[in-house]
Every structure is written in structure tokens, then in C-alpha cells.
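Here is a short briefing on one protein chain.

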Amino acid sequence: MQIKDREQVEGGRERVTVVPESVDDLWHLQYVLEPGDRVAGDTTRRIQRNDDQMRDTGGEREHMWVAIAVEDVEFHKFANRLRVGGEIVACSREDQLHFHHTLNVEPRDELSIEKRFKPDQEARLEEAEEATENPDVAIATVEEGQAHVHTVAQYGTEERATITGTTGKGEYARGRSELFEELGDVLKRQDVDAIILAGPGFTKQDAYKYLEQNEPEVAETVTMVDTAAVGDRGVHEVLKRGAVADVQEETRIESEAEYIDELTRRIADGAKAAYGPEQVDKAAEFGAIEHLLVLDDRLQKERGPDGEWPISVDEVIRTTEQKGGEVTVFSSEFPPGQQLSNLGGIAALLRYRLE
């Protein structure tokens, strides 16, 4: 994420101009934007008249600049797009004021955001800006007869391919080579900076030797790691072992996995932990929170009109930070976030037990 400009505007609001550079950045922005914000950018639009009828332009759209009062935000990761909808409050064509419009934000689109930024939203923008320097990583897990390729993103890991083939050597050697060949083709298409090749036994070494001989440019980026499983379980092992951190500064999902493991260990031991909105709110009031863990989509919901918690999540965050605690907002798209969701969407590692 590029942050191109920042300025204070009337009413204690701030205007930040950003350029998202990847689908990760669009994912971050969905949790920064909320109803009532003002978002501006270039767009195209079929012109509407005051009678709400479309002008007959043969389907052509006109380029214009618009600013909208945000009503809804939707992230479409498979389309590489963030949709931001709302009423037009400023526009390069005044006759389009007060109509509804949707900005389709894609990587490399410049966007101006005007709002009162909350601390976690500021931190999210800074995280996205810093992550621009991180290398892209793929994880390939391999065992006899199958291989899986995942890519690592800030919103989680995403499976790119599952490959199956024959096992063993001798008369099956050709099928095994075909498996490695297809794996090499998939890894080339990912266009990443680093590849972690993992799995049980010696199959990954054989796959690496194949890549060395046939795809040397791919092999140059490979680091090997032993895991007991392949697929999603193998990827989780790779992340827990910190292998990605060797080639990419500690990723969001690795740190979330560490926090959730520590939380579940403490809960099992009856130690210094709290979970659920009421317990966490009480811990915040006592200044007992060392590290607050809150789920991104739950945080977004509780800030809106559909919130269900009997507490103010913003007040809990504010109190935690004022009393020296740290805050981590979890991604709902990765297993640690799903575990946090099962605990009510909010939890805390405490300095001391409350009871």
C-alpha cells in the first residue's frame, strides 16, 4: 500500500490518499472503511437524469471523479476488487449529485479517504504500507502421489493447486516425474520471491532434485522444511514452525497462530486469560489486559447498527491501550481467526488472573 498524502480537514477528520497495490491491500481497506466515511476517486458512470432514467448512450460510460458518503463495503478477493457504495456528495458533473454510485476499487487505483481514523485502523494502514516490502511466498507440500501449492497472503493462505499422480519408483517412475513436472509448472506460474518445499519423508528431496535439473530458476528460491502432513495441515505446520518468517518478516498469520495457541493453552490451564465480551470488558476495566485479541469482521459488525455485544468494543480497545496493553486484530479468513470466533470473537491474554 502506498500512502501518498495525509492532511487534517474540518471537524477533526483526516484525509488520507492511498494507492492499494495488491489484493491484500484491498482486504485491509475493507476494515478501514465504514459507513459515514467519505471516499473519492476516479470512476466511470452511465449518466442519470433527475427522473431516474438512464440516458441512451448505447451502453457507454463516462469518466468522472466522484466523492461518495460510504454506505456499504464489499471485498471480492477472487475478482481483485473492493466495492464501495454510497450517495454521491461531490462530483465533476453536478447533475449526478445525490445519486447512488459504487466505486470499484482495484490495485493501482488512487483513493482518497476522509474520516476519523480509529487507532486500529491507523495501525492497519501502517501494516499494509510496511508489507509492501515483504517478499511473496508460496508453500508446496509434497508426498508420494500428491502435491499441494498454497500462497501466503496477509488475509490467510490460499490453495492454488492440488496435483495427484502415481507413487513409487521403477515402473512408476514416469508418473512420479510427471507429478514433479506439473508441480514445477504450477510454481513457475505463481511468480513468487520464495518457495517453501515441505512434507514427510524423502519425496520433497526428490522433487527438489527434479526442479534443480529442470527448473533451476524455481529451485533457486526453494527452502525445504520437514512436516508430518501435506495440504492444509502441512501448511499449518510450516507456519507454526516459523519457516515463512525465515524468508518473510514474521507474517500476520504466524503471529496470530502464536497468540491463539498461547490463549488456548492458558484457558486449558485455567491461567491468565479472558474470552467473550463480558469477561474481556471486565478485564479492561481492571487494567489486566496484556494483549487484546479481536476478530476483524466481528469488530466491524460491532461498530455498526447490527452490533450485538452489551459492551462498546471501541471503549475496550481504548481502555486497553490507555492502560499499556497491546491490540491485535485477527483475520477471519485464517484458522486462528476461526478459533477466536468460536471463543466469541474477542479474548485477552492477561497480566494476572481476575479470580
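The side chain of T328 makes a polar contact with the side chain of H291, at 2.6 Å. A polar contact is a pair of N or O atoms within 3.5 Å; within protein, one must be able to donate a hydrogen and the other to accept it, and residues adjacent in sequence count only if both atoms are side-chain atoms. This is a predicted model: local features need pLDDT of at least 70, side-chain atom pairs count only at pLDDT 80 or more, and totals for chains, interfaces and linings use all residues. Residues are numbered from 1 along each chain as its sequence is written, and side-chain values use heavy atoms, with hydrogens and water left out.

**Around T328**

- T328 sits in strand β15, residues 326-330. Strands (E, at least two residues) and helices (H or I, at least four) are DSSP runs, numbered from the N terminus.
- T328 counts as buried because its relative accessible area is 15%, where buried means under 20%, exposed over 50% and partly exposed in between (1.4 Å probe, protein chains only).
- Beyond its neighbours within four places in sequence, T328 is in contact (heavy atoms within 4.5 Å) with Y259, H291, L292, L293 and V294.

**The whole chain**

- The chain has twelve helices and 16 strands.
- Its C-alpha trace spans about 75 × 70 × 30 Å along the principal axes.
- Of the 355 residues, 50% count as buried.
- Among contacts between residues at least 6 apart in sequence, 66% join residues at least 24 apart.

**Domains**

- The domain assignment gives domain 1 (2-44 + 62-133), domain 2 (137-241) and domain 3 (252-350). Such bounds come from an automatic or database assignment.
- The centres of domain 1 and domain 2, taken over C-alpha atoms, are 38 Å apart.

**Where domain 1 meets domain 2**

- Nine residues of domain 1 are in contact with four residues of domain 2.
- The two domains bury about 570 Å² between them, 54% of it on carbon and sulfur atoms. Buried area is the accessible area (1.4 Å probe) that two parts lose on being put together, summed over both.
- In domain 1, D24, W27 and K77 lose the most area to domain 2, together 65% of what that side buries.
- On the domain 1 side, α1 (23-30) and α2 (119-131) are the elements that give two or more residues. The largest share, four residues, comes from α1.
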